[in-house]
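Here is a short note for a colleague who has not seen this structure before. Please read the points with the model open.

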Amino acid sequence: MNAAAQIALQNAVNGLLVGGTYATVAVGFSLVWGVLNVVNLAHGALVMLGAYVTYWLFTLYHVDPLLALPAAGAALFALGYPLQRVVINQVIRASFLITFLLTFGLDLLITNLALAAWTADIRSVTTPYSGGSIALGPVTVPIVRLAALLTAIFVAALLHLMMTRTRLGSAIRATASDQEAARLMGIPIAHIYALTFAIAAATAGIAGGLISLSFPVFPAMGPGYTLVAFVTCVLGGLGSVPGAFLGGLILGLVQMYAASWLGPNYDNIVAFTVLILVLLVRPAGLLGRGYRFRG
Amino acid sequence: MITAIRRHALPGRSAGVLAVLALGAALAFPAVASTYYIRLATGIFMFGVLASGWNLIGGYTGYPDFGAAAFLGIGAYTTGILMVRAHAPFAAALLAGGVLSIVTALGIGVVLLRLRGHYFAIATLGFMIVLRQLAANLELTGGGSGINLPGASTFTGFYYWMLAALALAVAAGIALPRSRVGYAVAAIRENQDAAQVLGIAPLRYKVLVYAASAFFFGIVGGIYAYWFTFIDPPTVFNVDFTIQAAVMTLFGGPGTALGPLAGAVVLKSLDTVLTNISVFLHNVFFGALVCLLVIFAPRGLAEIVRGGASIAETIREQLRESRI
């Protein structure tokens, strides 16, 4: 195998590995957008909090970051439920500008409180196996990124099963497709909304934990991941877990190839160009219709 | 909201007299005030221009542009580059920045304004992030280290430049709803499909108003660059400018001529007081303010004060409408 082909192959592997993390960032964002019709600009801030949960458990108590993932998920679930129930539910029927601004305000609040509590220092989680990698023929696979991809698949599969096979999933989908009818069927809407947001926050927390394994952790890291989540959702089609997953993998691949051709400093430009192209050419997303949370 | 499309009468004589008095007072202000207050007023004017400019597209047209700071950045960089590299006089560089903002808005607007709702909002935000990254990568813009502009000999000039921009922005806010374009965008805001059936080509009108809004952001960017003598990508391509303009517009009343200016005066004054106490407080306060405002007064304070019912009753009513 010549060098160029080897580099291309390595890029593909790297792109898919990063794409798994993008998918985990995006599934919760997609869920909230699809069910609540809220574009949650604070999603990246929730990812940031998850990363800090993992970081502090690792730094203070030497908890392995992969084992800390459930804790990050649980902590964000506990934060997400009241956040939706007490705050966002108040404006859930207002125009999208209002919910957009509200979640922006939440993002500002969370980011600045994190800044005050933990300073702007850029931190990282370095485990004994952080530098390790497996050689698979001509390509090398970093262990932490492989673990992140496997976790991402696990989380997405779990969420997909929950949405399609459980009573809670049915209730969420019913609420998304017709709120009034769902209410008449005895579904407690406010509670379902809060649960949906909490589940999304939990996946954001887990995504943050995964990110802390191979990317820097700092209070202002959120907005970049919110943009990633948005582009991923648009790519894969709104409100579908498989779609979000596919979108994440594609975005990961595109960014990795673009980085190797253009240099590493053009990632946002590439993501945005992809976004605009997809919105103009195929606004329903690449998968078209999978199952939908909304009609 | 249908009542929003009403015939806008021409302002009466008393309104004209008030406007002349206000302008006269503003012109005379630097002669009597200390430098601190001249700077403060210039800052308030600046956000008055941004809010009034944002209101054209976000308020009157109902297309919340979350990337408006893109044009502030274009104006700032055009002014900076022309003054430093071509030694152009400030006025010419400023004008060039405004014109380039319009041209860019006409080009990108044709693409972005086809999108609606969330998609439009996030696509505009993405557009701004793209320009920020471009500015950080290009040699012309000085990359990440930005551009240092020559210092101005006196500060009072900025006050008058900003005042002129403000007068123009407020005039645009008064003129738009009384013009053919204003009627078109009001119809588009209320129901775009119905407007189209009536023979209004939405895209053309939206792009026109978008370009006007971009012009004001571009002008502010140019003045800002010369005022602060240093620009780099994160300071001018800064989403905070957009959000502040949006919040001030929302606070004072979107789709009204003077609401955005009123919002800018109140919020910027409050913000200055808080910043003097602590910068941390200023950021947390701003986040909390945004949350409280959209929860308790989603249609602006003007609506609450103007309503016949008591303030508490109006707030309760609005909450009932939007909560679950």
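1. The crossing of α2(A) and α4(A) is left-handed (the near helix is turned anticlockwise from the far one by less than a right angle). Helices here are DSSP runs of H or I, at least four residues, and strands are runs of E, at least two, numbered from the N terminus.

2. This is a predicted model: local features need pLDDT of at least 70, side-chain atom pairs count only at pLDDT 80 or more, and totals for chains, interfaces and linings use all residues. Residues are numbered from 1 along each chain as its sequence is written, with chains lettered from A and ligands numbered from 1 in the order in which they are written.

3. In α2(A), Ala45(A), Met48(A), Leu49(A) and Tyr52(A) meet residues of α4(A), among them Asp107(A) and Trp118(A). Contact means C-beta atoms, placed from the backbone, within 7 Å. By class, this contact has 7 nonpolar, 1 polar and 1 charged residues. Ala, Val, Leu, Ile, Met, Phe, Trp, Tyr, Cys and Pro count as nonpolar, Asp, Glu, Lys and Arg as charged, and the others, Gly among them, as polar.

4. Chains A and B also touch. Each side is listed here: 36 residues from chain A and 36 residues from chain B. On the side of chain A, α4(A) gives the largest share, 14 residues. That side divides into 29 nonpolar, 6 polar and 1 charged.

5. Chain B has 15 helices and 2 strands. Its C-alpha trace spans about 55 × 45 × 40 Å along the principal axes. Of the contacts in chain B with a separation of 6 or more, 77% join residues 24 or more positions apart.

Key:
Two residues are in contact if their C-beta atoms, placed from the backbone, lie within 7 Å.
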